[in-house]
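Take a walk through this structure with the text below as a guide. Keep the sequence at hand and turn the view as you read.

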Amino acid sequence: MDNFFVCLNAVLPIFILMALGYTARACGFIKKETVPEINKMAFNCFMPFMMFYNIYTSDLESAIRPALIAYGVGGVLLCFFLSMALVYRLEKDPPTRGVMVQGLFRSNFVIIGLPLAESLAQGGDISSTAVMVAIIVPLFNVLAVIILEANRGGKPSVKHVLLGIARNPLIISTVLAILFVAFGIKLPEVIETSISMVSRTANPLLLFLLGAFFSFRGLGQYRRQLILVTMGRLIAIPGIFLTLAVLLGFRGIDMLSLIGVFGSATAVSSFAMADQMGGNRELAGDIVVTTSAFCSVTLFLWSFLLKTFGII
């Protein structure tokens, strides 16, 4: 029962914040059309401070874990190719095909996975999770560009992708934090306190906005595709990659990071990218909604299972 309540207390606040965002939009306090702009602001202004602070206040040696990084990167690449193999066999429409592959391999590690790790760690050092975010999220972006371009007949621009990575505020803040820790640079107390305050704002705001993004209209049109992607994203993929991680000996904070990478819902940003790159925007939005709605249940079950067996 202790494990049950630890996991419930970790997952329930995530669901409540999302429900609050949905309720606020339903009551007219925020419009769905404004959510992407606020979300962009949160990613560019609040998330970098959170990433910086998590690493800045950590032990750098424990934050960079080569085995964990190698498994995360290798797992995402394998997940990408397995998703391609499955979807290309079952779906013939290119814009729909690209969106389905993206929905399967690209998780919402930042918005859902990171706060889950923070809650389950119960005060532990999650700096290694922050480093993973800085590596895995750009990888998600690169692979998403490739699959969406490939399914609209275009050719991905290597220069554009590399510039996007170099300008990513999460990458910049992570590199800065590593340099500060490596060279022992200390910020004035007032600056450090301010960064801490801003960093604590990031997760609640992003979860609230995720809830405000929800819209359940039109979910019946792509029922077959949604069932496939939702089952794959929330059950099959974590079942494969978390089990393999356990067999390879990953435990504790490492497993919390991997739950975020492989067990969370499809990334909200996948909708915007699909819309900009000629993908099936309706299906992309529906995938975000359905996987986000059901992941509260599946994340709890995966967390409870791993907690019960003493793996996290």
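Start with a cysteine. The sulfur of Cys7 lies 14 Å from the closest cysteine sulfur, in Cys295, and this is too far for a bond. A disulfide is a covalent bond between the sulfur atoms of two cysteines. Here the term is used for a pair of cysteine sulfur atoms within 2.5 Å. The structure holds zero disulfides. Cys7 is buried, at 0% relative accessible area. Cys45 is partly exposed, at 37%. Buried means under 20% relative accessible area, exposed means over 50%, and partly exposed falls in between, with a 1.4 Å probe and protein chains only.

A word on the source. The model is predicted, so local features need pLDDT of at least 70 and side-chain atom pairs count only at pLDDT 80 or more, while totals for chains, interfaces and linings use all residues. Residues are numbered from 1 along each chain as its sequence is written, and side-chain values use heavy atoms, with hydrogens and water left out.

Now look at the rings. The whole structure has 14 aromatic pairs. Rings of Phe, Tyr and Trp (its six-membered ring) pair if their centres lie within 6.5 Å; planes under 30 degrees apart count as stacked, over 60 as edge-to-face and the rest as tilted. Phe4 and Phe304 make an edge-to-face pair, 5.9 Å centre to centre with 85° between the planes. This pair links distant parts of the chain, with Phe4 in helix H1 (residues 2-26) and Phe304 in helix H14, 300 residues apart. Helices are DSSP runs (H or I, at least four residues), numbered from the N terminus. Phe4 is partly exposed at 28%, and Phe304 is partly exposed at 29%. Phe52 and Phe180 are also edge-to-face, at 5.4 Å centre to centre and 80° between the planes. Their pair joins helix H2 to helix H9, across 128 residues. Phe52 is buried, at 9% relative accessibility. Phe4, Phe5, Phe300 and Phe304 form one aromatic cluster.

Next comes helix H12 (residues 253-263). It is mostly covered, with 11 of its 11 residues buried. Among them are Ile253, Asp254, Leu258 and Phe262. The cover includes helix H4 (66-90), H6, H7, helix H11 (223-247) and helix H14 (281-308).

Move on to Asn108. It sits in the loop between helix H5 (94-105) and helix H6 (109-121). Asn108 is buried, at 4% relative accessibility. Leaving aside residues up to four places away in sequence, Asn108 touches Gly113, Leu210, Ser264, Ala265, Thr266, Ala267 and Val268. A contact means heavy atoms within 4.5 Å.

End at the largest pocket. Its volume is about 1,400 Å³. Of its 40 lining residues, Arg106, Asn141, Ser269, Met273 and Gln276 are the closest to its centre. On a 1 Å grid over the protein atoms alone, a pocket is an open set of points where a 1.4 Å probe fits, with protein on both sides within 12 Å along at least five of seven lines; lining residues have an atom within 4 Å of a point. The volume is the space filled by probe spheres set on the points. H2 gives the largest share of the lining, seven residues. By class, the lining has 23 nonpolar, 11 polar and six charged residues. Ala, Val, Leu, Ile, Met, Phe, Trp, Tyr, Cys and Pro count as nonpolar, Asp, Glu, Lys and Arg as charged, and the others, Gly among them, as polar.

How values were computed:
Helices (H or I, at least four residues) and strands (E, at least two) are DSSP runs, numbered from the N terminus.
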